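This report goes through selected packing features of one protein chain.

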Amino acid sequence: MPKSLPVLLYHSISPWTNPISVDPDVFESHLKAMTAAGWRGVTLAEAAAHIRDGHELPGKSALITFDDGFLDNHVFAAPLLRKHGHHGVIFVVTGRIVDEEMPRPTLDDVWNGFVDMTELPQVRKGADGLRVRRDLFFSWKEARAMEASGTLRVEGHSFRHRSVFTGPDFTSVFRPDVRKRTFDRVEAEVVFGLPRFDLGPALAHRAFLPSAEVYDLARQLTPQNRTEAHQFFSDPANEAKVVAALRRIPRDRRGRLEDDDEFRERLTEELIACRDGLMNGLGRMPEALAWPWGRSCPQALEIARALGFTLFFSTTLGPNLPGQNPLHIHRFKAKEKSPKWLLSRLRIYSKPLLARVYGKLHG
């Protein structure tokens with residue numbers, strides 16, 4: 001019976017705790033456990049031969065993936081993968097990759113005695129009256145170095161990784177709050193007091209475009225200076241008044257959905273920018289795309305395939321059988337849990353029937 005290829009999904013490998021990070025020590029414990037149990041993290045080329053081309057892989061093969069392109073993938077993940085003999089792929093938001101001339105220090109430099117652990121670059125937080133989350137991303141030079149080592153392949157995860165408004169309904173408005181997520185930007189002009197319309201991934205939804213009437217009223221009711229807006233919203237009654245006034249605008253006057261031409265133009269622009277960024281930064285054509293938040297639409301898939309992408313990664317659970325569905329590759333989230341937990345998930349997702357049943361129950 002053909003084996004299913006488990007595909008792990010990590011994001012940040014960092015000692016700075018957040019909902020999408022795994023501590024480097026925990027990540028190393030995962031890699032050690034995989035090696036001890038006979039599992040091997042394969043290359044993207046090997047995974048493509050299995051998923052797209054139908055070739056069987058040896059038992060206990062898995063693909064280790066990372067989303068976004070955080071600097072800590074270069075600092076911690078790449079050296080640990082090399083140390084334990086595993087491979088993987090990073091799906092990058094190309095608009096966030098930087099142009100640093102000097103590669104920044106990694107665990108390799110710590111192990112070789114060139115720097116201390118305290119000198120490694122960490123996730124930074126800035127302040128502008130409020131705490132703001134600011135994640136660091138690796139550079140194109142660092143991406144090329146990771147590829148040259150043979151440990152990690154760099155592929156696409158969009159250009160902006162943004163959301164769009166999806167309809168006219170809302171219960172709150174935009175205010176100068178703390179940023180809780182890195183990728184929380186909306187593909188629209190955002191002003192203080194603008195309704196927080198329902199949101200969805202930009203590559204999966206036709207965008208709802210707020211009307212001029214909505215923008216005008218938001219600006220009229222809400223200070224647009226950040227400090228003044230923060231003071232204004234410190235009184236909950238003020239937000240309630242703004243929401244009530246905006247909700248008096250009838251739903252059919254709050255905006256409109258993109259038409260077909262606008263929708264396809266936006267999708268095409270985003271996907272071309274992603275592909276071209278990879279081509280310019282790495283000097284080669286990319287082949288794989290992981291959809292932001294694991295979501296897409298038929299139009300985005302059609303455009304991405306026309307641009308040359310052939311492997312498409314989701315965040316849904318299920319099996320990955322030889323040659324069956326390169327347009328929808330299943331992944332499971334590798335959490336900051338014990339090696340025993342990780343090995344149990346690898347066993348589940350290596351068995352086609354069990355992976356399908358478990359995916360339906362827990363997806």
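Helices and strands here are DSSP runs, of at least four residues for helices (H or I) and at least two for strands (E), numbered from the N terminus. The model is a predicted one.

**A serine in a loop**

Ser158 sits in the loop that runs between β9 (152-156) and β10 (163-165). Buried means under 20% relative accessible area. Ser158 has a relative accessibility of 0%, and therefore counts as buried. A polar atom of the Ser158 side chain lies 3.0 Å from the backbone nitrogen of His161. Beyond its neighbours within four places in sequence, Ser158 is in contact with Val92, Val93, Thr94, Leu203, Glu270, Cys274, Leu289 and Pro292.

|---|---|---|---|
| α6 | 212-221 | Val214, Tyr215, Leu217, Ala218 | Ala212, Gln220 |
| α10 | 298-306 | Ala300, Leu301, Ile303, Ala304 | Pro298, Ala306 |

In α6, Val214, Tyr215, Leu217 and Ala218 are buried. Viewed down the axis of α6, these buried residues fall within an arc of 165 degrees, so they line one face of the helix. Their cover includes β12 (208-210) and α8 (236-247).

In α10, the buried residues are Ala300, Leu301, Ile303 and Ala304. Down the axis of α10, they fall within an arc of 165 degrees, and so they line one face of that helix. The elements they pack against are α9 (260-282), β14 (288-290) and β15 (311-313). Just after α10 comes Gly308, with a positive phi of about 110 degrees.

**Nonpolar cores**

Which residues have the most contacts inside the largest nonpolar core? They are Leu8, Tyr10, Phe27, Phe66, Trp291, Leu342 and Leu346, in a core of 60 residues. Helix α3 (residues 71-84) gives the most to this core, with 7 residues. Apart from it lies another core, of 20 residues, including Phe165, Val186, Leu194 and Val242.

Not counting residues up to four places away in sequence, Trp291 touches His157, Leu203, Leu271, Ser296, Ala300, Leu301, Ala304, Phe312 and Phe313. Among these, Ala300, Leu301 and Ala304 are buried residues of α10. Leu203 is a contact of Trp291 and also of Ser158.

Notes
Residues are numbered from 1 along each chain as its sequence is written. This is a predicted model: local features need pLDDT of at least 70, side-chain atom pairs count only at pLDDT 80 or more; totals for chains, interfaces and linings use all residues. Side-chain values use heavy atoms; hydrogens and water are left out. Buried means under 20% relative accessible area, exposed over 50%, partly exposed in between (1.4 Å probe, protein chains only). The arc is that of the directions from the helix axis to the C-beta atoms. Contact means heavy atoms within 4.5 Å. A polar contact is a pair of N or O atoms within 3.5 Å; within protein, one must be able to donate a hydrogen and the other to accept it, and residues adjacent in sequence count only if both atoms are side-chain atoms. A nonpolar core is a set of buried Ala, Val, Leu, Ile, Met, Phe, Trp, Tyr and Cys residues joined through side-chain atoms within 4.5 Å.
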